[in-house]
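Subject: Structure handover

Hello,

Here is the structure you asked to look through. My notes follow below it.

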Amino acid sequence: MFEELFHNVLKRKPLLKEEKFLSVDFPTRILHRDNEIEELMTYYSSLITNTGVRAVNQILLGDRGVGKTATAKFFSRSLEKTALKRGINLKYVHINCRKERTEYKVLVKINQTLSPRIPKRGYSPQDLMDFLTEFLEKEDIYLLLVLDEFDSLLDGEAGLLYSLVRINDDTNNVHKRLNIIGILSYNVKFERNISFLSKFFRDIRHYFQQNAIIFKPYTQEQVFDILKHRVSISFNQNTVSDEIINYIASIVVKSGDIRCGLNLLWSSSKIAEKNNLNIVTLKCVHRAYQELVPYSIREMIKHMTEHKLLFLFAIVDKLKNQVDKSEISLHEVVNEYNNICRTSGISPRSYSQLWNYVQEWKKDEIIDAKLEGGGLKGRKSFLQFPEIINLKKFSQNISKALQSKGIIV
Ligand SMILES: Nc1ncnc2c1ncn2[C@@H]1O[C@H](COP(=O)(O)OP(=O)(O)O)[C@@H](O)[C@H]1O
Ligand SMILES: [Mg+2]
């Protein structure tokens with residue numbers, strides 16, 4: 001029985017030719033970001049033409065999944081190569097601040113990437129900063145430092161950036177060696193007010209170029225082109241039609257997150273294969289879309305306490321019922337949570353307890369929390385899910401888990 005099944009699975013003609021080309025990290029050709037690349041070029045070309053004369057620091061801003069990381073990587077690698085050809089020792093280092101989490105870890109990572117001999121422990125932040133300065137000078141290196149997802153280090157302070165941008169001032173060295181591209185995820189579509197940025201930049205504004213480079217949301221046609229290119233390198237020929245790609249693009253454009261498109265393509269192909277189909281059909285995409293609650297989260301729900309579940313339910317419920325935004329204020333969610341508790345006859349947890357849940361989930365990357373202009377314990381925070389998920393399905397999952405604990409919502 002097992003052997004037979006296994007044999008059948010092996011016999012299937014796979015739809016996917018190269019699965020890894022669908023992964024988010026795979027460096028593909030960048031489409032439809034010529035303007036942004038040109039803008040980057042305008043600022044950073046002086047690292048080659050006037051090396052060391054002045055530092056260039058710039059911020060990239062845009063929603064999730066709009067190609068900020070991919071574009072920054074492509075641009076920085078290309079600049080590094082061009083510099084090398086001209087005998088300029090420009091080193092590009094990419095740090096994902098969501099992974100490194102603390103300013104200290106970020107500093108360690110920068111130093112270790114440049115010089116792997118450095119031990120991980122035993123230094124103070126100042127030591128690390130001094131080491132970096134001396135190292136760049138001694139080795140005659142110009143650094144292009146990409147601080148990706150920088151917002152995950154932001155708690156209303158600009159501590160690390162402040163120390164970093166001042167390296168160029170502090171040293172007695174004549175050359176400006178440290179250049180930064182800071183990447184922040186920010187909901188450009190819905191919130192034009194970027195006051196949190198101006199507060200954050202109060203101390204360091206004059207170190208940065210005046211205007212951030214904004215990554216606008218893609219149009220449906222652009223999403224189509226990007227996904228079509230991905231399909232062409234990762235799928236076997238004639239397995240995914242333009243109609244299917246266009247349908248996926250119409251889903252993706254709502255959030256603009258290309259990652260969602262890659263997920264849908266991958267899951268749809270798995271569903272098709274499971275059903276012995278040799279093409280991806282609309283039905284497969286529908287199914288994939290319905291299942292769009294990541295497995296890891298579904299597993300996590302199973303082990304959550306009832307209060308966590310109720311609070312998560314309140315977030316999902318609020319988000320589900322708003323059509324124009326992908327994020328919700330913590331304030332509204334807490335009110336909703338209190339209402340649900342009241343109607344279910346359960347005494348609600350305190351605000352600070354709920355705030356702890358938010359912090360915990362943020363760490364586990366279940367939700368994103370963005371602080372807006374400080375406020376007491378994040379009272380002005382906004383919450384959203386880092387990936388597109390099917391909120392209806394998700395809320396069903398949560399209410400099922402609550403039901404198993406005897407709570408009906
Ligand atoms: N313009 C584009 N051309 C090609 N691929 C893109 C483009 N924009 C996004 N992608 C792909 O979509 C995924 C998410 O992009 P990413 O750069 O990680 O987004 P962000 O950093 O803005 O959240 C990556 O796999 C990336 O290669
Ligand atoms: Mg990114």
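Which helices each supply at least two residues of the shell around ligand 1? They are α4 (68-85) and α12 (258-274). Helices (H or I, at least four residues) and strands (E, at least two) are DSSP runs, numbered from the N terminus.

Before the rest, two notes on conventions. This is a predicted model: local features need pLDDT of at least 70, side-chain atom pairs count only at pLDDT 80 or more, and totals for chains, interfaces and linings use all residues. Residues are numbered from 1 along each chain as its sequence is written, while chains are lettered from A and ligands numbered from 1 in the order in which they are written.

**Ligand 1**

The shell has 17 residues around ligand 1, and Gly67, Lys68, Thr69, Ala70 and Ile258 come nearest. Near here means a C-beta atom, placed from the backbone, within 6 Å of the molecule or strand. α4 gives the largest share, three residues. By class, the shell has seven nonpolar, six polar and four charged residues. Nonpolar covers Ala, Val, Leu, Ile, Met, Phe, Trp, Tyr, Cys and Pro; charged covers Asp, Glu, Lys and Arg; the others, Gly among them, are polar. Domain 1 (34-215) and domain 2 (219-290) both contribute to the shell, so ligand 1 lies between them. The domain bounds come from an automatic or database domain assignment.

**Strand β1**

Is β1 (residues 57-62) buried or exposed? Six of its six residues are buried, so β1 is largely enclosed by the rest of the structure. Buried means 20 or more other C-beta atoms within 10 Å of a residue's own; exposed means 12 or fewer; partly exposed is in between, with C-beta atoms placed from the backbone. Asn57, Ile59 and Leu61 are buried on one side of β1, and Gln58, Leu60 and Gly62 on the other.

β1 pairs with two strands here. With β4 (residues 178-185) the pairing is parallel, over six bridges. With β5 (residues 213-215) it is also parallel, over three bridges. Two strands pair if DSSP finds at least two bridges between them. Leucine 60 stands opposite isoleucine 183 in β4 and opposite isoleucine 213 in β5.

α6 (residues 103-114) has twelve residues and reaches 17 Å from first C-alpha to last, close to the expected 16 Å. The expected span is 1.5 Å times one less than the number of residues. Val106, Leu107, Ile110 and Asn111 are buried in α6. Seen down the axis, the buried residues fall within an arc of 130°, so they line one face of α6. The arc is that of the directions from the helix axis to the C-beta atoms.

In α7 (residues 125-139), Leu128, Met129, Leu132 and Leu136 are buried. They cover an arc of only 100°, which puts them on the same side of α7. Gln126, Asp127, Glu134 and Lys138 are exposed on the other side. Aspartate 140 follows α7, with a positive phi near 55°.

**The three-stranded sheet**

This open sheet has the order β6-β8-β7, with antiparallel pairing. β6 (328-329) and β7 (368-370) stand at the edges with a single partner strand each, so one side of each has no neighbour in the sheet. Two bridges join β6 to β8 (residues 382-384). Isoleucine 328 has leucine 383 in β8 as its bridge partner.

Best wishes
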